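The sequence and the model are shown below.

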Amino acid sequence: MLELSILGFLAEAPLHGYELKERIKALSGHVRPVSDGALYPAINRLLAAGLLDQRTEDGASAAPRRVLTLTDEGRAELLARLRKPKQAEITDHVRFNTVLAFLRHLGDPAEQAAVLRRRLDFLEAPSSFFYREGEPVRAEEAGDLFREGMLRVARATGTAERKWLREAIDTLSRTAP
C-alpha cells in the first residue's frame, strides 16, 4: 500500500520526500504509520523501476531536497493497480481506503464501479471476528460485553459502507458511457 500511496499522491503533484511522508501519514494515520526506513527504500525501488523521476531543488532554509514526479510508466502502473487491486486491498479496510483515495485517477466509471462491486461482494458475505462450530457469531450471541461491542460496531460500519457502495455504484453506472 505504501507504493500505491506514493504513486497516487505523485499523480496529483510533484512532491519532495517530507511532503509525501506527511500526506501518507495523513491518509493512514496512526493505524499504519510510515517510517523513513520504509518510505525511502520504496521510493528508491520505484525510481529504479522507472516509475518515478527525481530532481534536486534548493531547500528554503535547509539542504537541497529531492522532488519526485510520476513518469508515464508510473501513471500506467498506478492505473493497473487501481483496476485490479489485490484481494487484501479489497478485504482490508485500511488498504481499501487507500485504493479509494486514488480511485478517481481511474477515469472510467465502469472500471471504478467494478472495484467497488468487489468490495461490496466481500462485505455481503457472512463473516465475523469470531466463529462457533464454523458459523459466524452474531453480536447478540457473543456472550461477552466487549466482543458484542466489536461486533455491533462492525455491523453498523458495514451497513453504512454497503449503503454508500451501492449508491456510488449506482451513480457510476449512470455516468458510464
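Which residue is the bridge partner of His16 in β3? In β3, His16 is paired with Val67. The model is a predicted one, in which local features need pLDDT of at least 70 and side-chain atom pairs count only at pLDDT 80 or more, while totals for chains, interfaces and linings use all residues. Residues are numbered from 1 along each chain as its sequence is written, and side-chain values use heavy atoms, with hydrogens and water left out.

**Overall layout**

The chain has eight helices and five strands; helices (H or I, at least four residues) and strands (E, at least two) are DSSP runs, numbered from the N terminus. From the N terminus on, the order of elements is α-β-α-α-β-β-α-α-α-α-β-β-α. Along the principal axes, the C-alpha atoms fill a box of roughly 60 × 45 × 25 Å. Of the 177 residues, 36% are buried, where buried means under 20% relative accessible area, exposed over 50% and partly exposed in between (1.4 Å probe, protein chains only). Among contacts with a separation of 6 or more, 53% are between residues 24 or more positions apart; contact means heavy atoms within 4.5 Å.

**The sheet**

Three strands make an open antiparallel sheet in the order β1-β3-β2. Two strands pair if DSSP finds at least two bridges between them. The edge strands, β1 (15-16) and β2 (52-57), each pair on one side only. Two bridges link β1 and β3, and six join β2 to β3 (residues 65-70). In the latter pairing, Glu57 stands opposite Arg65, and Thr56 has Arg66 as its bridge partner.

Helix α1 (residues 2-12) touches β1, β2 and β3, and its direction makes about 90 degrees with that of β3. Helix α3 (residues 36-48) touches β2 and β3, at about 55 degrees to the direction of β3.

**Helix pairs**

Axes are lines fitted to C-alpha atoms, for helices over the stretch in contact, and angles run from 0 to 180 degrees between N-to-C directions.

| Helix pair | Axis distance | Angle |
|---|---|---|
| α7 (residues 109-124) and α8 (residues 145-175) | within 9 Å | roughly 155 degrees |
| α1 and α4 (residues 72-83) | 10 Å | about 120 degrees |

The angle makes α7 roughly antiparallel to α8, whereas α1 and α4 are oblique to each other. Angles under 35 degrees count as roughly parallel, over 145 as roughly antiparallel, 65 to 115 as roughly perpendicular and the rest as oblique.

α7 passes α8 in a left-handed crossing, that is, with the near helix turned anticlockwise from the far one by less than a right angle (clockwise would be right-handed). Residues making the contact include Leu116, Leu120 and Leu123 of α7 and Trp164, Leu165 and Ile169 of α8. The contact residues divide into 10 nonpolar, three polar and six charged. Here Ala, Val, Leu, Ile, Met, Phe, Trp, Tyr, Cys and Pro count as nonpolar, Asp, Glu, Lys and Arg as charged, and the others, Gly among them, as polar.

The crossing of α1 and α4 is also left-handed. Its contact residues include Leu4, Leu7 and Gly8 of α1 and Gly74, Leu78 and Arg81 of α4. They divide into five nonpolar, two polar and four charged.

**A loop residue**

Glu133 lies in the loop between β4 (131-132) and β5 (135-136). Glu133 is not a glycine, yet has a positive phi of about 55 degrees. Most residues other than glycine have a negative phi. Glu133 is exposed, at a relative accessible area of 80%.
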